[in-house]
Every structure is written in C-alpha cells, then in structure tokens.
Amino acid sequence: MSTRTPGGPVQATSPTFVGMPAFPEAARSALANTQQRKNLRHATHTIRDKRAAAVAEVPQWEALRVAGAEAKDEALTHLGDYLEQLEASLTARGATVHWARDAAEANRIALEVVRAKEADEVVKVKSMATQEIELNEALEEAGVHAWETDLAELIVQLGHDRPSHILVPAIHRNRSEIREIFLREMAAVGRPAPEELTDDPAALAEAARLHLREKFLRARVGISGANFAIADTGTLVVVESEGNGRMCLTLPETLITVVGIEKVLPTWDDLGPMMQLLPRSSTAERMNPYTTMWAGAHEGDGPQDVHVILLDNGRSHVLADTVGREALRCIRCSACLNVCPVYERTGGHAYGSVYPGPIGAVLNPQLRGTTSEVDQSLPYASSLCGACFDACPVRINIPELLVELRGRVTEQEGHAAESAAMRAAAWVLSDPRRLAGAQRAAGLAGRLIGDRTVRSVPGLGAWTDARDLPTPPTESFRHWWARERKDER
C-alpha cells in the first residue's frame, strides 16, 4: 500500500545549520583551528591515496564512470515514471510507501510510524537524508531517542557535534578526542566506556560495539536511508563497512527507510556499475564489506513492517533546472571532498549543511535556494581547479555548476555599484572624445600616485581586498603614438 500527499515541488525546508555565517567568515574561524586542520589533512590525504590505488586497478574506469552517469541521467530524465514503478514494486512486495514533500512531512510520517509501534527509541543506519531533514531532532523533541550506530556518527552524536564529511562525519576528530568523548558521554546514554580505555582504534571500536549491542537487541524500530533504489525490482540497497547497518536492517520488527527521490535507478543491471564505482570512490575498497538488499517484507525474515518514505525536499526544484540537475547524479561517495584544497583546509562545518565540500557548494544552494547569506557564498567556496570533476565517479561537472551558480547569485543580488560602473564605462568607450578625456585623467592620476601600490579602492569592495589595483599608466598609448609620430605627421 502507499500513501500520497498532494502538492507540487517545494524548496527544502530543513533548518539544518540555520544562522550560519557566509562561507568566508565560517572558513576563517575553521582555519584558526590548527588541530582540526592537521586532522583533516592527514585523513583526506590517506583516503585520497588509497582511492587512487583502488581506481588504478580498473582499466575500464572511465567507461564505468560514463555508465554510471548515463544510468543516473536516464533515471532523472524520466524520474516520475521510475518513481511510480518503484512504488508499485515495493507495494507488491508488502512495503508501505509514503511520499514526503519536505522535511516536516517526512518527519511527521516517521514519527507516526514510531508512535504506532509504541516505541520510545530507534536505532539508525548512517543516512544523509535523515540528517538533512533533522529526523533525530524531531524524534527527540517527541520523546523518542534516536541512536546512531555508525561509529563515526556515534562519535558526532555523543560529542554533541555536527558531521563534517559525507563518508567520515567525525573526520575532524583524532583518536585522543574520541577517547575523551566516549569516557565522558557513554555512561549517560547506556553502557559506559571501560575506565581503562585507550586511544587505540581497536579499543575504541570495541567500546562502541559493547555500548551499541544492547541497543541493537532492544530496539523494535530501525531507521535507514538507501544508497540506491531499483525501480523494476523494488530493491533497496545499503552499503557499509561496519556491520551496524546489517543489524539495524534485520533485527527490528519495523523498518523505516528515508530515500531521496534521486536515489532511484531504472533497472537491476544499472546497479552493477554503481557497485564498482561507489566502494572504490568512497572507502577505496573493491567492494563494501556489508551490502544489504531488501524488497518489501518477507515472512519470517527480517522486519515484518517495512515503510519507505520517498523524500523530495527541494529535489524537484533541482530537477527542473536543466543545468543544475546534474548535481542529482551524486551517489554520496565523498571523493570530491577528499581532493578539494578548500575543504581540506576549512573542513565541513563551514559549508553550513550536512552536504559539505564541492558537491555541497552546488547542491545546497539548489536545494535551499540562495536567499541566505551562506547559500549565496557557497558557489564561491572553490578554487575551480577541477579536481572534483576528475574524482567524481558519475562525472558531475562541479566546476561548471559552480560558475553557473555564481552567475545566478550575481544576477540575484543586483550589484548596483558594479552595474553603474559598467554603464559609465560603456558611455566613455562609445565616444572617442570621451575616451581621450578619460585617458588624460588616468595619466594625471598615474603621475599623482607615482610608484605607490593601490591596495584598496572605495566602491570596489572585496575585489581589492584580495588583489592590488594596477597603477594607471602616466601616459596612454594614444598620447605616446602622437608624440613618437609627430615628425611623420
């Protein structure tokens, strides 16, 4: 069965990171955190090097990238048809399908399911979609504890922190910091960390395993996202590396899966390239240690009450953009973050969203619009070096999208001073006499300034904050030519 709610596409309404300053201001604060910069540099370089080695093993890597991009483009071009096919396939296999226009509606649906089960806690698989809509916060406000079971997500949750990376949310933390978080916080929400806990990775993982085990065995409701949703079979796919996802997806009586509508793939065959692209681009593995696939409910096997929430939350708005829709190809691998020189130095918090890095710089302004200060600044959070496009497994041309969004932000803001300057320049350049007069004035200004460097000019704003203004020449070419050719005339 399925439940539908009428209404057209809407902008994303997630309140995540509301009040964040513009990217330059947030980045300036992040740059001052030397420990975080050290953590980020070590982690991104390690992942980057491992990924390069894993990709080099595949001689047809570029062909795989093309196949992945084509599968996603096919799904996006006919998204309505494939979503209806997905709904029919899931319903035929015993799942209940819900349609959510925005974050509030998705949270309401999930909460209604949890309340119907009379549950006061849920266990969660790592999910960008649920972070996007702030499902944890909505459940906690209603008195339902949402326990993150992914190790990195657990670190973020216990540390009262925010994720800073798509794949490794706690990438900004080192082992010593994680140990302190476990010792300080675990006892308040469950089994405490061992008093003799060290910062050895194996010891930290064991403390997390023991802490989470009782939650796995006790919870009656699990919540997940999905990496892919196959339209023709109704199959949902979650890939992970720790086994916590397998526990959440199989042990609870009820399973709620929140799926962004862009996650759909047309056919089972389209999953093949993705299962080669995603592991190598994200964890630098040939395949993920745990891949869980399910289609609806099966008697005596896994959750018996399966709910799938198909989430829009601004995606239809992006889909309507013939240029920007390319960003919806994203399979959340994080490869673009690990090669980005801007992200490496600032970290993910400066982007003001659960989607940081280059893909966040193009996806957030499209999902949320460019009305806020942070979303207006995100398209400029890039050096346009192109490394993100080279790394993207589904060939999203992020630099091109960034330039496009910069143009839209400029048009939206108006830039009255700049427009006035361009009109004045057009007036001067359209008449030879006015141009000659302007050149004489510039020469006079050059002689007055002399050898001094012009570092700031009122009215030119940030342009002169980052570069010196060239000193006007003391003599124009027109004047030089007239002087040098005086005898010939």
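Which residues touch the most other members of the largest nonpolar core? In this predicted model, they are Phe-182, Phe-228 and Ile-359, within a core of 104 residues. Beyond four places in sequence, the contacts of Phe-182 comprise Leu-151, Leu-154, Ile-155 and Leu-158, together with Ala-193, Leu-197, Leu-204, Ala-207 and Ala-208. A separate, second core has 22 residues, among them Ala-103, Ala-129, Leu-135 and Ile-223. In soluble globular proteins, nonpolar side chains tend to be buried together.

Four strands form an open sheet with mixed pairing, in the order S9-S6-S7-S10. The pairing of S10 with S7 (residues 235-240) is antiparallel and runs over five bridges. Tyr-290 in S10 lies opposite Glu-240.

Thr-257 is located in strand S8, which covers residues 254-260. Its relative accessibility is 0%, and Thr-257 is therefore classed as buried, the cut-off being under 20%. Apart from neighbours within four places in sequence, Thr-257 contacts Ser-224, Gly-225, Ala-226, Leu-236, Trp-294, His-307, Val-308 and Ile-309.

Helix H2 spans residues 34-56, 23 residues in total. The distance from the first C-alpha of H2 to the last is 33 Å, close to the 33 Å expected at 1.5 Å a residue. Buried positions in H2 are Gln-36, Asn-39, Leu-40, Ala-43, Thr-44, Ile-47, Arg-51, Ala-54 and Val-55. An α-helix has 3.6 residues a turn, so residues three or four places apart point the same way.

Technical notes: Residues numbered from 1 in each chain as written. Predicted model: local features only at pLDDT ≥ 70, side-chain atom pairs only at ≥ 80, totals over all residues. Heavy atoms only, no water. Core = buried A, V, L, I, M, F, W, Y, C linked by side-chain atoms within 4.5 Å. Buried < 20%, exposed > 50% of the residue type's maximum accessible area, 1.4 Å probe, protein only. Contact = heavy atoms within 4.5 Å. Pairing = 2+ DSSP bridges. Helix = DSSP H or I, 4+ residues; strand = E, 2+ residues; numbered from the N terminus. Expected span 1.5 Å × (residues − 1).
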